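Trainee: Could you take me through one part of this model closely, namely a pair of packed helices and the salt bridges around them?

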Amino acid sequence: MIPRREILALGAGLCLASQIARAAPPAVEPTTIPLWPGLPPGAPAILPVETIVDQGGLPSGPNRYILGIARPTIQCFVPERQTSDGAVLLMPGGSYLREVIDREGLETVRLLNARGITAFLLRYRLPAEGWHDRSSVALQDAQRAVRLIRARATQFGLNPSRIAAVGFSAGGHLAASLAVGHARPTYAAVDSVDRVSARPDLVGLLYPVIGMAAPLVHARSRDALLGSEPTAEAIAAQSVERNVTADTPPVIIFHAADDASVPVENSLAMFAALRAAGGPSELHLFEHGGHGFGIGGAVGKTASAWPDLFLGFAKSHDILDQASNT
């Protein structure tokens with residue numbers, strides 16, 4: 001006899017897979033918005049060259065990543081039938097060396113659009129590609145993205161007080177850094193948009209990189225962000241669990257216990273810090289899922305429950321309406 005939990009996981013996975021299939025491609029072509037009116041802060045003399053690498057298809061669709069991001073953007077995907085005036089800003093992972101386009105980007109866009117939710121996909125700069133103040137460039141882009149979405153909310157039919165941010169892996173470190181460092185000055189203001197708050201109203205973290213010191217550290221992400229010989233001060237500044245405050249927005253975290261890349265203790269440490277600070281938080285640990293499950297990689301596993309858990313948490317904090325999952 002098949003255990004009941006496996007039947008439930010299979011059913012959830014099949015439901016999730018059917019949602020992805022029905023939702024592709026996005027109903028409306030995205031609007032691409034440059035983050036900066038000119039060159040981004042700290043631009044090198046020779047800009048990186050944008051490259052998209054196709055790693056071969058996955059069962060759920062394409063499997064690409066991008067690097068060489070010289071002109072960071074947000075792509076706005078407004079669903080054909082918008083049922084919520086909230087929005088989600090997505091931050092894909094890739095060890096701060098690249099950004100996963102499909103599994104942690106467009107697959108999630110399609111699922112959110114299928115629920116009637118507007119999604120923004122952030123294409124942020126990668127720290128090790130020659131930028132000055134390398135440890136701040138991704139956070140600069142994340143702060144600027146939230147400010148732009150909030151400043152242009154009316155244009156997209158959105159409530160500027162209902163903006164969530166979701167990050168995956170190293171993108172989870174970026175989303176968590178935004179949660180704790182939204183008010184930290186990281187660049188000189190370039191226009192009136194920079195007077196707008198960069199604080200997300202809610203944050204979702206999937207298998208996030210959190211700590212920069214052992215035993216939590218994910219070495220590739222830390223080396224890309226801080227270089228191969230970071231100072232103790234730099235490690236402390238970029239270890240998110242050390243920087244949680246009472247002003248950190250509500251956070252929900254998802255991680256698989258069998259993650260062989262980013263230790264699950266990262267999420268445990270973040271949750272403990274959130275509880276100590278007294279802020280709203282929720283943690284979900286799945287037995288199976290590995291690393292980088294995103295949407296398609298969670299099919300057939302209990303980790304496939306994360307989108308509904310995220311939307312439920314967002315609804316409970318009045319950020320996103322609980323749109324239909326049909």
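Mentor: What follows starts with the helix pair and then turns to the salt bridges.

This is a predicted model, in which local features need pLDDT of at least 70 and side-chain atom pairs count only at pLDDT 80 or more, while totals for chains, interfaces and linings use all residues. Residues are numbered from 1 along each chain as its sequence is written, and side-chain values use heavy atoms, with hydrogens and water left out.

Helix α3 spans residues 137–151 and helix α4 residues 170–181, and the two pack at an angle of about 65° with their axes 10 Å apart; helices here are DSSP runs of H or I with at least four residues, strands are runs of E with at least two, and both are numbered from the N terminus. The axes are lines fitted to C-alpha atoms over the stretch in contact, and angles run from 0 to 180 degrees between N-to-C directions. The two helices are therefore roughly perpendicular to each other, a class that covers 65 to 115 degrees. On the α3 side, Ala138, Leu139, Ala142, Gln143 and Val146 meet Leu174, Ser177, Leu178 and Gly181 of α4, where contact means heavy atoms within 4.5 Å. The residues of this contact divide into six nonpolar, three polar and no charged, with Ala, Val, Leu, Ile, Met, Phe, Trp, Tyr, Cys and Pro counted as nonpolar, Asp, Glu, Lys and Arg as charged, and the others, Gly among them, as polar.

Turning to charge, a salt bridge is a side-chain nitrogen of Lys or Arg within 4 Å of a carboxyl oxygen of Asp or Glu, and by this rule the count comes to 12. One of them joins Asp194 to Arg144, with the closest N and O atoms 3.1 Å apart. Because Asp194 lies in the loop between α4 and β9 (202–206) and Arg144 in helix α3, this pair ties together parts that are 50 residues apart in sequence. Asp194 counts as buried at 12% relative accessibility, and Arg144 is buried with a relative accessible area of 2%, buried meaning under 20%, exposed over 50% and partly exposed in between, with a 1.4 Å probe and protein chains only.

Asp201 likewise forms a salt bridge with Arg150, the closest N and O atoms being 3.0 Å apart. Asp201 lies in the loop between α4 and β9 and Arg150 in helix α3, so the pair ties together parts 51 residues apart in sequence. Both Asp201 and Arg150 are buried.

Technical notes
Parallel < 35°, antiparallel > 145°, perpendicular 65-115°, else oblique.
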